[in-house]
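Welcome! Have a look at the structure below, and then we will walk through it together, one part at a time.

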Amino acid sequence: MLSGSRGMMHRGMVICMLVLLATPAAAELRIPCLWNPFGGCSITLVSPEYAARPVQALNPEAALAEVNAFRAENGLKPLVLDARLSRAAAMQSEAQAGRSWIGHYGSHGSTPMARAARAGFHAKIASENVASGQKSFSDVMHFWKESSGHRTNLLRPNVTAAGVAMAKNQSGRPYWTLVLGAE
């Protein structure tokens, strides 16, 4: 039985590698984490061409338009861009870039709700999506739409505002944060 499992795993890895080699310009493979004590995650393997692309600067208004377009496709009201939530998002992006580690706990163990309050947003609800490594906000949105937890946050009917930020670590890897909230 054990050798059969190994054979299936080996075949799966060979198929994945063939997919990557067959379409190098657009190759992407998501592998879910088998064990993660901090919650859900995935590992995305990308083509060398994608990895070599420069990171696009964040345009907060364009990012909000993408979020609102997705919400409209799902029958939800648009959000407004809130400078306080953008400051909360920046706190988290900078903390993640500073430690080169993605997660929802910020400096000194802060939570999305605590960061929103520190930025002056008195939230009844504050949820957060984070991502790392994507080259543009559009790429991040594509990832979040395909992830059940991130999708849930994007489609929360009771949020009214959003803030977004991106910071890079010393090697240039981007850390993206979207905070959604309601006062």
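## A word to know first

A residue is called buried when its relative accessible area is under 20%, and exposed when that value is over 50%. Asn 129 has a relative accessibility of 0%, so it counts as buried. Please keep in mind that this is a predicted model.

## The overall picture

How many helices and strands are there in the protein? There are seven helices and six strands. Starting from the N terminus, their order is α-β-β-α-α-β-α-α-β-α-α-β-β.

The protein has 183 residues, and 39% of them are buried. Its accessible surface comes to about 10600 Å², with 62% of that belonging to carbon and sulfur atoms. Of the contacts between residues at least 6 apart in sequence, 64% join residues at least 24 apart.

## The nonpolar cores

The largest nonpolar core is made of 22 residues. Those with the most contacts inside this core include Val 67, Phe 137, Trp 144 and Leu 178. Two or more residues come from each of α3 (60-73), β4 (125-132), α6 (137-146), β5 (161-168) and β6 (174-182). Helix α6 gives the largest share, with five residues.

A second, separate core has ten residues, among them Ala 90, Ala 116, Phe 121 and Ala 126.

## Asn 129 and its surroundings

Let us return to Asn 129, which sits in strand β4. Which side chain does the side chain of Asn 129 join in a polar contact? The partner is Asn 153, and the contact is 2.9 Å.

Leaving aside neighbours within four places in sequence, Asn 129 also touches other residues, including His 104, Trp 144, His 150 and Trp 176.

## A closer look at helix α4

Helix α4 covers residues 83-99, which makes 17 residues. At 1.5 Å a residue, this helix should span 24 Å, and its end C-alpha atoms are 24 Å apart, so the two values agree.

At the start of α4, the backbone nitrogen of Arg 84 has a side-chain oxygen of Asp 82 within 2.8 Å. After the helix comes Ser 100, with a positive phi near 50°.

Which elements do the buried residues of α4 pack against? They pack against β3 (80-81), α5 (112-118), β4, β5 and β6. Among the buried residues of α4 are Leu 85, Ala 88, Ala 90, Gln 92 and Ser 93.

Note on methods. Residues numbered from 1 in each chain as written. Predicted model: local features only at pLDDT ≥ 70, side-chain atom pairs only at ≥ 80, totals over all residues. Heavy atoms only, no water. Helix = DSSP H or I, 4+ residues; strand = E, 2+ residues; numbered from the N terminus. Buried < 20%, exposed > 50% of the residue type's maximum accessible area, 1.4 Å probe, protein only. Contact = heavy atoms within 4.5 Å. Areas by Shrake-Rupley, 256 points an atom, 1.4 Å probe, with all protein chains shown as cover. Core = buried A, V, L, I, M, F, W, Y, C linked by side-chain atoms within 4.5 Å. Polar contact = N/O pair within 3.5 Å; in protein donor to acceptor, adjacent residues only side chain to side chain. Expected span 1.5 Å × (residues − 1).
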